[in-house]
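My entries follow in the order I made them.

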Amino acid sequence: MEQVAIADEVHEHHEPTSFISRYIWSQDHKVIAIQYASTAIAVGLVALVLSGMMRLQLGFPHAFDFISPSAYYQFVTMHGMIMVIYLLTALLLGGFGNYLIPLMIGARDMVFPYLNMLSYWFYLASVLVLMASFFVPGGSTGAGWTLYPPQAILPGTPGADWGIILMLVSLGIFIVAFTMGGLNYVTTVLQARTKGMTLMRMPLTVWGIFVATILGLLAFPALFVSALMMLLDHTLGTSFFMPALLSQGELSDHEGGSPILFQHLFWFFGHPEVYIVALPAFGIVSDLISTHARKNIFGYRMMVWAILAIGVLSFIVWAHHMYVSGMHPYFGFFFAVTTLIIAVPTAIKVYNWVLTLWRGNIHLTVPMLFAIGFIFTFVNGGLTGLFLGNVVVDLPLSDTYFVVGHFHMVMGVSPVLVLFGAIYHWFPKITGRMYSETLGKWHFWLTFLGTYAIYLPMHYLGILGIPRRYYANLSTDFIPESAQDMNVGITIAALFVAVVQLLFLINLLWSLRHGKKADPNPWGATTLEWQTPDTPPRHGNWGHHLPVVYRWAYDYSVPGAERDFIPQTVPGSEGHDSDTGETKA
Amino acid sequence: MAIALVLIALVIATVLFHIFSPWWFTPIASNWDMIDGTVDLTVWVTGFVFVAVNLFVAYAVIRFRHKAGARAAYEPENKKLEGWLTALTTVGIMALLAPGLFVWGKFVAVPEDAMDVEVVGQQWGWSYRFPGPDGVLGASDPRFFAGDNPLGLDPADAAGQDDILINGAELRLPLDVPVRVLARSKDVLHNFAVPQFRVKMDMVPGMVTHFWFTPTRTGEFDVLCMELCGIGHYVMRGRVTIVPETDFQAWLADKPSFADTQAVAAREAAAGEVHYATCGACHGAMGEGNPLMNAPRIAGLDKHYLARQIDNFRTGKRGANPDDSFGQQMAAMANVLPDEAAIASVSAYIASLPHQRADADPSLAGDPRRGAGIYQNCAVCHGDQGQGIWNMGAPRLAGMDPGYMATQLKHFREGIRGTHRDDQHGQQMVAMASILGGDQAIDDVIAYIATLQ
C-alpha cells in the first residue's frame with residue numbers, strides 16, 4: 001500500500017513547537033477535534049438555556065415579563081437550529097469524526113490537515129455570526145428552525161429584517177465548513193487506512209461517521225441553495241419562494257414563487273440530517289456496547305449494510321415531513337412506503353445491539369449505562385416514528401406535541417445519550433485522566449430518567465390535539481386543566497435535567513487536572529486508538545511505525561485466547577474474518 | 001443490575017401511564033373513525049415491540065451482567081436468526097402500512113357530492129366563503145385584496161357575485177353532509193385544524209389546497225392554526241358549529257353575498273354626516289374626542305374598524321360589562337343607528353375626517369424606551385409606526401388618546417373588553433394584553449406610542 005509507506009515517514013509530520021501553532025492554528029486532527037467539541041458544547045449550553053426559558057413560559061405563562069411572544073418564538077427557533085446543526089452535527093462529525101477517524105483507521109492525521117484547520121475556523125465564524133443575531137435590531141429570527149417562507153422574511157415574524165439574514169449567512173458558512181471537513185473525512189477513510197485495515201474491518205464508529213459524512217456532502221447543498229435563494233428573495237426581491245401575497249395590509253412585490261419548493265429543498269436536506277446525526281451515534285453505540293459487554297458486535301456485516309441502506313433510503317423519504325403541506329396527496333403513498341421501509345434496517349440495528357448484550361459479560365460502566373439508556377429511548381422514539389411516517393396516522397398528530405415528543409426522543413435525547421457515553425468512553429484516551437465514576441453514574445441516572453419524564457407525556461398532549469409552537473394554549477374547550485398541570489411537571493423536569501448537566505461539566509473539568517492517571521487501554525478495547533504508544537496520543541499518533549491490522553475490530557472473548565480481547569494489531573488467524581464472514585475458533 | 005430493574009420499572013410505568021393517562025383523543029366528530037383505527041393498531045403493534053425489546057434488554061442485563069470469572073460467548077453472526085428477525089419486522093411493517101395506505105386512499109378521494117366551502121387564512125384570523133346558489137366559487141386574485149374586498153374576489157367574475165362571505169369567528173356546517181374544504185391563504189402558511197375532525201391541511205399563499213370530511217356530531221369545535229405563522233400564531237382561533245341541515249340553510253340565508261358587501265361599501269360618506277350629529281355631541285364635531293366626556297378621538301380610524309366596533313356595541317360584544325360604564329353608554333348610543341347602511345355610511349364619514357394628533361398627556365409616567373421593546377409585539381398588527389393595518393383589523397394607535405388607550409389595555413387585560421366569544425380580534429387583544437405584567441408596562445408602551453407620528 002503505497003500511500004501508507006509515504007505517510008509512515010515521521011519527518012513528514014513536523015511537530016508544532018509554538019503555543020499558537022500547537023493549540024490555536026493547529027492542523028492536528030486531535031486539537032481540531034477538541035476545538036470543535038468545546039465550541040459545540042458551549043453553544044449547546046446556550047441552546048439549553050433557551051429551552052429552559054421556553055419551558056418557563058409554557059409551565060408558568062406570563063410569570064416572566066421578558067418572555068413575550070416574540071421572545072418565545074426566537075427562543076424556539078434558535079434552540080432548534082443550534083441543537084440540530086451547531087451542536088449535534090458539529091460535535092459528532094467535527095468533534096468525534098475528527099478525533100476518531102485517523103486514530104481508528106491507523107492514520108497519522110487527516111489527509112488535508114490545512115483544510116481541516118480551516119474547517120474549524122469557518123465553523124467558529126458561523127457560530128459567531130449566529131450568536132451576533134441575538135444583538136441586531138429586532139433580534140434573532142423567530143421563524144421556527146424550519147425557516148419556512150413566506151413568514152420567515154415578512155414582518156409579523158420576529159427578526160424578519162436582520163435576524164433571518166444572519167441565520168442564513170451563518171448556515172452558509174457552516175456548510176462551507178462542513179464541506180471542507182467532510183471531504184477530508186471521506187478521503188481519509190478511503191485513502192489513509194493503515195495496512196490491513198480493509199473497509200470491512202473498520203469499527204462501526206468509523207462506518208457511521210463515514211456514511212453520515214457522505215450524506216452530509218450530498219444533503220447540505222440543498223440547504224445551501226435554499227438559504228441562498230431565500231436570501232435573494234429577502235434582499236433583492238426575487239421570488240423563488242414568494243407568491244403574490246399581502247404583507248402589512250399591502251400587496252407585496254413578489255409574484256409566482258412557491259413556498260412548497262422551499263419545503264422540498266429544506267427536507268431534502270432535513271431528513272438526511274436526521275441520519276447525519278443518527279448514523280455516527282449508531283456506530284459509536286455499537287462499539288460502546290461491544291467493548292463493555294466484552295462481546296463481538298452481533299452481525300457486523302449486517303450492521304454495515306444496514307448503515308448503507310439507511311443512508312441511501314434517507315434520501316427518498318423527505319416529504320414525510322410534508323404530508324399536510326398541501327403537496328399533491330398522491331405523494332403520500334410513495335413517501336409512506338419508503339419511510340416505513342427504512343424501519344427495517346433500523347430495527348435490524350436495534351436487534352443486533354440487543355443480541356450483542358445477549359450472552360455477553362456486561363460491565364455496567366458509565367459508557368455502558370448510557371448505551372443501554374440509548375437503546376431504550378431510541379426504541380421509544382423509533383416506534384413513535386411509525387405513527388408519523390404512516391401518512392394517514394400522521395394526519396391527526398402532525399404539528400402537535402406528539403411530533404415534539406417524537407423527535408426529541410429520537411434525535412435529541414438518543415444521540416445526546418450516545419455523545420455522553422462516547423465522551424465518558426474516550427475521555428481517558430483524550431486527556432490521559434480518569435473521571436469520577438460516581439458523578440458519571442449520577443449524571444446518567446438523572447439525565448436518563450429526567451428526559452423520559454419530559455418527553456413521554458408530550459406524546460399524550462399531542463394525541464389530545466395540543467398544537468406545537470404555541471406561546472400559550474389560551475382557553476380551548478377540548479384542552480382540560482390537567483394538561484396545564486402536565487406542562488408544569490414537564491417544565492420542572494426540564495429545568496432539573498438542565499441543572500444536572502452541571503455534574504457532567506464539573507466532572508470533566510475537575511478530572512482534567514485532578515483525575516487519576518488513565519491506563520492506555522482502560523476498557524480492554526481492541527480498536528487501534530487504544531493501542532497508541534502515548535496517551536494522550538502525540539502529534540502523528542503512532543511514533544515511528546504505523547500500526548498494522550490483522551483482524552476485525554471485535555475479537556472479544558475469543559475462545560481459547562488468554563485475555564478477553566485481542567487488539568486489531570495482534571497477528572493470528574483465530575477469530576472471525578469480517579471480510580469473508582468466516583469464523584475459525 | 002439497577003439499570004435492568006429501572007428498565008422494567010420504566011416499561012411498567014409507561015404502560016400504566018398509557019392506560020391511566022387522562023389525555024387521549026378528543027371524542028371524534030367526523031367520519032374519520034378509520035384514522036383512529038389506524039392509530040389504535042399502531043399503538044398495539046408498537047406497544048408490543050416496546051415492551052418486548054426493553055424487557056429482553058433488562059433480562060439480558062440481569063442474566064449476563066459481569067460476574068467474576070465470566071466470559072462472553074463468541075458469535076459473530078447467525079444468518080438464520082438475522083433472517084427471521086428481518087422477515088418478522090417486514091411483516092409487522094406491512095401490517096401497519098397496508099391499512100394506513102387504504103385509509104389514505106379514502107382521504108385523497110373526495111366524494112362527488114361533497115359541498116364546497118372555502119377557508120381563507122390570514123395573520124391572524126379566518127374567513128369563509130360558500131359558492132352561493134350557482135354552486136361555483138368565483139375567481140380570486142391577490143391584486144383585488146382591499147378593505148372592501150377582504151377575500152380578493154374578482155369583481156368582474158359573474159360566478160363570484162352570489163358567493164356568500166362569512167367574515168368572522170364562526171363557521172357553520174351541516175350535519176352528515178360531506179364537505180370539501182378549499183383552503184387559501186392571504187399572506188403566509190397557516191393550517192386549518194379542528195382536533196375533533198382528525199384531518200387538517202396547510203394553507204399556502206399562491207395555491208388552493210383541499211381536504212374533506214363529513215361532520216357526524218352537532219356542537220361547537222375550536223379551530224386552531226397548526227402551522228407557525230408569526231407571533232400571533234397561538235391566538236389564531238375560530239369556531240366551527242355543526243348544526244342540522246335546515247338550521248344551516250337558515251343561517252346561511254342570512255349572510256351577505258359578495259354583491260351585497262360591494263353595495264354597502266359604495267355608501268357615500270356624505271350620507272353619514274346626518275347620523276354623525278349624535279356622535280359629535282361627545283366625540284366632537286371633527287371627531288377629535290372630548291376627555292371631559294370620556295369620549296376618545298375617532299378621526300383617523302379606518303372605516304372597517306369603526307363599523308366593526310359600532311356593530312360590536314350594538315350586538316353586545318363590547319360595552320356589555322358592568323365594569324365598563326362608558327362602554328355601556330356607547331352601546332346605548334350605537335343602537336340609535338337604524339341599520340347596517342347607517343353604520344357603513346357613518347363609519348365612512350368619520351374616516352373622512354382629518355386626522356390630528358391628540359394632545360400630549362402630562363399624566364403619562366411611562367418610559368418610552370422600555371415601551372419600545374414591548375411595542376415590538378404590538379407592531380406586527382398595528383404597524384411599526386402605529387399606523388394600523390386594515391388586513392389585521394388593527395386600528396391606528398399613533399396620535400390617538402393616550403389615556404383612552406391605557407384604559408382599553410387594562411380592560412383587555414382584566415377581561416372587561418374582548419372576551420365575547422364572537423369578538424375574534426378582541427380575544428387576540430386579551431391574549432396580547434396579558435403579556436403586560438403590570439400598569440407600569442402599560443404606561444411604558446403608551447408612552448412609546450405617544451412618540452409615534
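**Conventions.** I count two strands as paired if DSSP finds at least two bridges between them. Helices (H or I, at least four residues) and strands (E, at least two) are DSSP runs, numbered from the N terminus. The model is predicted: local features need pLDDT of at least 70, side-chain atom pairs count only at pLDDT 80 or more, and totals for chains, interfaces and linings use all residues. Residues are numbered from 1 along each chain as its sequence is written, while chains are lettered from A and ligands numbered from 1 in the order in which they are written.

**Entry 1: a sheet in chain B.** I started with the pair B:Val181 and B:Phe211, the latter in E8(B); they stand opposite each other. Strand E5 of chain B covers residues 179-185 and runs antiparallel to E8(B), with 5 bridges between them. Both belong to an open sheet of 5 strands, ordered E3-E2-E1-E5-E8 in chain B, with mixed pairing. Strand E3 (164-167) and strand E8 (209-213) of chain B are the edges, each pairing on one side only. From one strand to the next the twist averages 25°. For angles, axes are lines fitted to C-alpha atoms, for helices over the stretch in contact, and the values run from 0 to 180 degrees between N-to-C directions. I also noted a general point: in a regular strand the side chains alternate between the two faces of the sheet.

**Entry 2: the other sheet I checked.** Chain B has an open sheet of 5 strands in the order E4-E10-E9-E6-E7, again with mixed pairing. E4 and strand E7 (200-203) of chain B are at the edges with a single partner strand each, so one side of each has no neighbour in the sheet. The twist averages 25° from one strand to the next. E4(B) runs parallel to strand E10 (residues 237-243) of chain B, joined by 5 bridges. B:Pro174 has B:Val243 as its bridge partner in E10(B). Strand E6 (residues 190-193) and strand E9 (residues 219-225) of chain B are antiparallel, with 2 bridges. There, B:Phe192 is partnered by B:Cys225 in E9(B). Helix H5 (residues 245-253) of chain B packs on the sheet, touching E4 and E10 of chain B, and its direction makes about 140° with that of E4(B). I call two residues in contact if their C-beta atoms, placed from the backbone, lie within 7 Å.

**Entry 3: burial.** My cut-offs count other C-beta atoms (placed from the backbone) within 10 Å of a residue's own: 20 or more is buried, 12 or fewer is exposed, and in between is partly exposed. Is E4(B) enclosed or open? Strand E4 (residues 170-174) of chain B has 4 of its 5 residues buried, so the rest of the structure largely encloses it. Helix H14 (residues 439-449) of chain B is mostly covered, with 9 of its 11 residues buried. Among them are B:Ile442, B:Val445 and B:Tyr448. The buried residues of H14(B) pack against helix H11 (368-382) and helix H12 (402-413) of chain B.

**Entry 4: A:Met458.** This residue lies in helix H15 (residues 437-464) of chain A. A:Met458 counts as buried because 23 C-beta neighbours lie inside 10 Å. Leaving out residues up to four places away in sequence, A:Met458 touches A:Tyr401, A:Val404, A:Gly405 and A:Ile490. A:Gly405 is 53 residues from A:Met458 in sequence but 5.2 Å away in space, C-alpha to C-alpha.

**Entry 5: chain B overall.** I counted 14 helices and 10 strands in chain B. Why is chain B more spread out than a compact globule? Its radius of gyration is 29 Å, well over the 22 Å that the globule rule gives for 453 residues, so chain B is more spread out than a compact globule. That radius is taken over C-alpha atoms, and the rule is 2.2 Å times the number of residues to the power 0.38. The C-alpha trace of chain B spans about 100 × 60 × 40 Å along its principal axes.

**Entry 6: the A–B contact.** Chain A puts in 105 residues and chain B 93 residues. On the chain A side, helix H12 (residues 366-389) of chain A gives the most, with 9 residues.
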